[in-house]
Amino acid sequence: MKSVRIAVVGAGVVGFSTAVCIAEALPYCSVTLLAEKFSPDTTSDGAAGILYPGTSPDIPLERQRRWFKDSFDHLLAIAQSQHSPEAGVMISSGWQIFKEVPVDKKPHFSELLIGFRFMTDEELKRFPDHKFGQAFTTVKCECSTYLPWLEKRFRKAGGQVQKKKVNSLQELSSGFDIIVNCSGLGSKTLVGDSEVYPVRGQILKVEAPWLKHFIRDGDGKTYIYPGIQSVTIGGTRQQHDWRLNVDQEDSKGILERCCRLEPSLSKAKILSEWVGLRPGRKSPRVEREVVQLQSRRVPVVHNYGHGGWGVTLAWGTAQDALGLVWQCLHDMKLQAKL
């Protein structure tokens with residue numbers, strides 16, 4: 001069978017994770033990643049990058065758990081290796097706190113985290129507005145470092161990179177045998193998915209080297225994540241909001257909320273402010289279909305719509321996307337024999 005040409009569209013954490021999985025597992029295929037924007041200009045670059053999943057209503061729980069476990073195991077292995085500083089992946093411990101006791105005190109993925117337990121009354125004293133908390137250790141992945149590291153890994157596996165805005169899958173019909181769509185929010189126009197919508201996120205990077213533990217409010221809107229170079233504080237989750245400019249009122253609100261949880265942040269130096277549009281969707285779309293492109297029927301594998309959990313689920317959904325590419329190759333072999 002001649003070398004199969006595979007296009008991966010999108011250079012965020014989902015796109016590069018998928019491209020690396022395919023290039024490393026299928027060395028006899030020619031894999032090209034195409035994107036208009038690369039690090040440091042992707043949405044992933046501003047992600048806080050802490051591994052903690054949400055729940056998708058339309059995806060079987062076992063599949064969601066596998067996505068998270070695959071991602072967690074992959075990044076934990078990097079965090080515990082010599083590649084940790086270069087890849088921007090670290091182990092991070094801290095607390096998630098709730099103003100009201102949640103119905104689900106122990107989430108379905110809790111045993112996949114390290115040392116998950118409920119906070120003691122003594123620990124909760126520092127958060128007087130909160131009645132319940134969880135303590136655990138997870139992994140933090142800083143995409144502004146991780147994405148260039150993944151790109152290097154992709155190129156080492158024989159992958160090619162092309163800076164190009166893909167406006168339509170039709171543009172790729174003659175040059176590729178399989179298309180893998182990891183275009184995130186771009187899927188709204190690229191494949192006409194009306195279920196995709198922007199979730200505007202604004203964060204601040206601050207200099208506060210004395211902070212060693214993360215603090216995350218259970219509503220997911222307020223968080224303090226110490227990293228390798230700086231501390232990420234946030235945030236906003238503004239659905240259907242396309243604004244990419246920094247909103248000073250949002251920055252002020254983020255600082256006030258985070259200082260209530262960690263008063264020492266009032267002494268922190270603000271290094272930068274950032275806005276990005278997460279690819280919101282009721283559930284991520286990880287599936288395959290065959291699309292009529294000009295005179296050819298071309299297999300298309302989709303892997304997008306991760307919302308605020310791109311880093312958390314990227315390697316797991318990339319593994320699933322690889323499996324779907326395998327199925328496409330199998331079908332192509334069968335067709336070639338007919």
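Strand E3 (residues 89-98) is largely enclosed by the rest of the structure, because 8 of its 10 residues are buried. Keep in mind as you read on that this is a predicted model.

E3 has a partner in strand E5 (residues 132-141), and the two pair in the antiparallel sense over 10 bridges.

Now for strand E15 (residues 296-304), which is mostly covered, with 7 of its 9 residues buried. Strand E7 (residues 178-181) pairs with E15 in the parallel sense over 3 bridges. In that pairing, histidine 302 of E15 has asparagine 181 standing opposite.

Strand E14 (residues 285-293) runs antiparallel to E15, and 9 bridges join the two. Tyrosine 304 in E15 has arginine 285 opposite. E14 and E15 make a hairpin with 2 residues between them, and glutamine 294 in the turn has a positive phi of about 55°.

## Aromatic pairs

How many aromatic pairs does a search of the whole structure find? It turns up 15. Take phenylalanine 16 and phenylalanine 154: their ring centres are 6.1 Å apart and their planes sit at 75°, so this pair is edge-to-face. Phenylalanine 16 belongs to helix H1 (residues 13-25) and phenylalanine 154 to helix H5 (residues 143-156), so the pair ties together parts that are 138 residues apart in sequence.

Tyrosine 52 and phenylalanine 136 give you a stacked pair, at 5.5 Å centre to centre with 20° between the planes. Tyrosine 52 is in the loop between strand E2 (30-35) and helix H2 (61-79), while phenylalanine 136 is in strand E5, so this pair ties together parts that are 84 residues apart in sequence. Tyrosine 52 and phenylalanine 136 are both buried. They also belong to a cluster linked by ring pairs, whose other members include Phe68, Phe72, Phe98, Phe109 and Phe132. Also in that cluster are Phe116, Phe118, Phe214, Tyr223 and Tyr225.

One more ring to look at is tryptophan 309: arginine 237 lies over its face, at 5.6 Å from the ring centre.

## Helix H7 and its two sides

Helix H7 (residues 248-261) has 14 residues and reaches 20 Å from its first C-alpha to its last, close to the 20 Å expected at 1.5 Å a residue. Which residues of H7 are buried? They are Asp250, Ser251, Ile254, Cys258, Cys259 and Leu261. These residues cover an arc of only 160° around the axis, which is why they are on the same side of H7. An α-helix has 3.6 residues a turn, so residues three or four places apart point the same way. On the other side of H7, you'll find Gln248, Glu249 and Arg260 exposed.

Have a look at the start of H7 too, where a side-chain oxygen of aspartate 247 comes to within 2.8 Å of the backbone nitrogen of glutamate 249.

How values were computed: Residues are numbered from 1 along each chain as its sequence is written. This is a predicted model: local features need pLDDT of at least 70, side-chain atom pairs count only at pLDDT 80 or more; totals for chains, interfaces and linings use all residues. Side-chain values use heavy atoms; hydrogens and water are left out. Helices (H or I, at least four residues) and strands (E, at least two) are DSSP runs, numbered from the N terminus. The expected span of a helix is 1.5 Å times one less than its number of residues. Buried means under 20% relative accessible area, exposed over 50%, partly exposed in between (1.4 Å probe, protein chains only). The arc is that of the directions from the helix axis to the C-beta atoms. A polar contact is a pair of N or O atoms within 3.5 Å; within protein, one must be able to donate a hydrogen and the other to accept it, and residues adjacent in sequence count only if both atoms are side-chain atoms. Two strands pair if DSSP finds at least two bridges between them. Rings of Phe, Tyr and Trp (its six-membered ring) pair if their centres lie within 6.5 Å; planes under 30 degrees apart count as stacked, over 60 as edge-to-face and the rest as tilted. A charge sits over a ring if NZ of Lys or CZ of Arg is within 6 Å of the ring centre and within 35 degrees of the ring normal.
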